[in-house]
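Work through the following exercises with the sequence and the model at hand, and try each task before reading its solution.

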Amino acid sequence: SIPTSEAFWSHFERRYGANPDLQSATIRRFVEPGLRADFCLLEEYVPSAVTPLGRDVAVVACAARGDDRVDDAQLEAWRRY
């Protein structure tokens, strides 16, 4: 079942913490559809048997300054891809 907006944000904050930039109702209305779509994709994705993309596809890994949920080693780990 699809949670209400209030339930969605409650779950979101339990999992990721309360982001001060996402406390505005206007901002939440703007970003919620995209976040829901992202979470749906993550939950329902099934890898295919298709050959992975080659080395000709760039991967960019980044994080925000002050985001203590990601450290330099985690970002650096993406270098091998």
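**Exercise 1: Salt bridges**

The structure holds four salt bridges, a salt bridge being a side-chain nitrogen of Lys or Arg within 4 Å of a carboxyl oxygen of Asp or Glu. The model is a predicted one, in which local features need pLDDT of at least 70 and side-chain atom pairs count only at pLDDT 80 or more, while totals for chains, interfaces and linings use all residues. Residues are numbered from 1 along each chain as its sequence is written, and side-chain values use heavy atoms, with hydrogens and water left out.

Task: find which side chain meets Arg-36 in a salt bridge, and state where the two residues lie.

Solution. Side chains of opposite charge can pair when their charged atoms come close. Step one is to identify the partner of Arg-36, which is Glu-32, at 2.8 Å from N to O. Step three is to sort them by relative accessible area, where buried means under 20%, exposed over 50% and partly exposed in between (1.4 Å probe, protein chains only). Arg-36, at 22%, is partly exposed, whereas Glu-32, at 9%, is buried.

**Exercise 2: Two further pairs**

Task: determine which residues form salt bridges with Arg-69 and with Arg-79.

Solution. Arg-69 pairs with Asp-67, their closest N and O atoms being 2.9 Å apart, and Arg-69 itself is partly exposed at 49% relative accessible area. For Arg-79 the partner is Glu-76, with the closest N and O atoms 2.4 Å apart. Here Arg-79 is exposed, at 64%, while Glu-76 is partly exposed, at 42%.

**Exercise 3: The chain as a whole**

Task: describe the secondary structure of the protein chain, and explain why the chain is more spread out than a compact globule.

Solution. Begin with the elements, which are DSSP runs numbered from the N terminus (helices H or I, at least four residues; strands E, at least two). The protein chain has three helices and zero strands. Next, compare the radius of gyration, taken over C-alpha atoms, with the globule rule, which is 2.2 Å times the number of residues to the power 0.38. The radius of gyration is 16 Å, well over the 12 Å that the rule gives for 81 residues, so the protein chain is more spread out than a compact globule.
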